[in-house]
Structure formats: C-alpha cells, structure tokens
Amino acid sequence: MIPKHVGICIAFALFALSSSIATAGGMIEKFCMWSTINGMNGMMSGKEYKCRDGARMFEERETTMSIGSMKQQQKQRSVRHGGMIYTVDLT
C-alpha cells in the first residue's frame, strides 16, 4: 500500500507532467483522475475530479470549509478550452 502523502505527490506529478506534455502536443493526450482534498489542519475537505482531452480540461470540485462554528460548502464545475475558463457554481 502506498502511503497517502506519496500517492498525493504521484497524482500531482502525473497531473503536472500531463499538463505540460499535452499542451506541447506530446504523448499524453487524455487522462482522468479523482483526488481527495484535506488541508488547513482539517478545516478544508472535499473531493475533486479532473479530466483532460487534448486542449480541453474538465474539473468538478466539491469542498467544505469549516472555521469554528461557520461552515461553507462549494460545488463547482469548470471547463477550460481555447484560453477561456467557464465555471458554474452549483450551490
């Protein structure tokens, strides 16, 4: 079993590598990945899905931020294509 921090580093490295190669017209043209978001000493959590197909990228992110008794939830979808980013907040 791969430790959690190593898995996150591997996922980030693959995402960064695929982004640079795909935009440069290299070998990786399409990929999809799921990841979990845990950070800020437990104040932020959620999940994220990213998919790239050539120059287009689709992201779906659902996060919850908690500070004391306040809680904020966000769910959004983004599409990047042709130098533009289109984002819809689903909450």
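## Close-up views: legends

**Arg-61 touches Ile-37, Lys-47, Glu-48, Gln-74, Lys-75 and Gln-76, not counting residues up to four places away in sequence.** Contact means heavy atoms within 4.5 Å. The model is predicted: local features need pLDDT of at least 70, side-chain atom pairs count only at pLDDT 80 or more, and totals for chains, interfaces and linings use all residues. Residues are numbered from 1 along each chain as its sequence is written, and side-chain values use heavy atoms, with hydrogens and water left out. Arg-61 belongs to strand E3, which spans residues 56-67. Strands (E, at least two residues) and helices (H or I, at least four) are DSSP runs, numbered from the N terminus. The side chains of Arg-61 and Glu-48 make a polar contact of 2.4 Å. A polar contact is a pair of N or O atoms within 3.5 Å; within protein, one must be able to donate a hydrogen and the other to accept it, and residues adjacent in sequence count only if both atoms are side-chain atoms. Arg-61 has a relative accessible area of 31%, so this residue counts as partly exposed. Buried means under 20% relative accessible area, exposed over 50%, and partly exposed in between (1.4 Å probe, protein chains only). Trp-34 lies 27 residues from Arg-61 along the chain, and their C-alpha atoms are separated by 9.9 Å.

**Thr-63, another view within strand E3.** With a relative accessible area of 7%, Thr-63 is buried. Outside four places in sequence, the contacts of Thr-63 are Ile-37, Met-44, Ser-45, Gly-46, Gln-72, Gln-73 and Gln-74. Ile-37 is among the residues in contact with Thr-63, and Ile-37 is also touched by Arg-61.

**The hairpin of E2 and E3.** Strand E2 covers residues 44-53 and pairs with E3 in the antiparallel sense, over 10 bridges. Two strands pair if DSSP finds at least two bridges between them. Arg-52 has Met-57 of E3 opposite. Two residues stand between the strands of this hairpin, where Gly-54 has a positive phi near 65 degrees.

**The hairpin of E3 and E4.** E3 is also paired with strand E4 (residues 70-81), again antiparallel, through 11 bridges. Phe-58 has Val-79 in E4 as its bridge partner. This hairpin has two residues between its strands, and Gly-68 takes a positive phi near 60 degrees.

**Ser-78 in strand E4.** The relative accessibility of Ser-78 is 6%, so Ser-78 counts as buried. The side chain of Ser-78 forms a polar contact of 3.1 Å with the side chain of Thr-87. Apart from residues up to four places away in sequence, Ser-78 touches Met-57, Phe-58, Glu-59, Tyr-86 and Thr-87. E4 and E5 run antiparallel and are joined by six bridges. On E5, Met-84 is the residue opposite His-81.

**The disulfide between Cys-32 and Cys-51.** The two sulfur atoms are 1.9 Å apart. Cys-32 is in strand E1 and Cys-51 in strand E2, so the pair ties together parts 19 residues apart in sequence. A disulfide is counted when two cysteine sulfur atoms lie within 2.5 Å, and by this rule there is one. In general, such a link is a covalent bond between the sulfur atoms of two cysteines. Cys-32 counts as partly exposed, at 39% relative accessibility. Cys-51 counts as buried, at 15%.

**The open sheet of five strands.** The strand order is E1-E2-E3-E4-E5, with antiparallel pairing. Strand E1 (30-39) and strand E5 (84-89) are the edge strands, each of which pairs on one side only. From one strand to the next, the twist averages 15 degrees. Axes are lines fitted to C-alpha atoms, for helices over the stretch in contact, and angles run from 0 to 180 degrees between N-to-C directions. Strands of a sheet pair through backbone hydrogen bonds, either parallel or antiparallel. The chain has 91 residues, 19% of which are buried. Among contacts with a separation of 6 or more, 16% join residues 24 or more positions apart.
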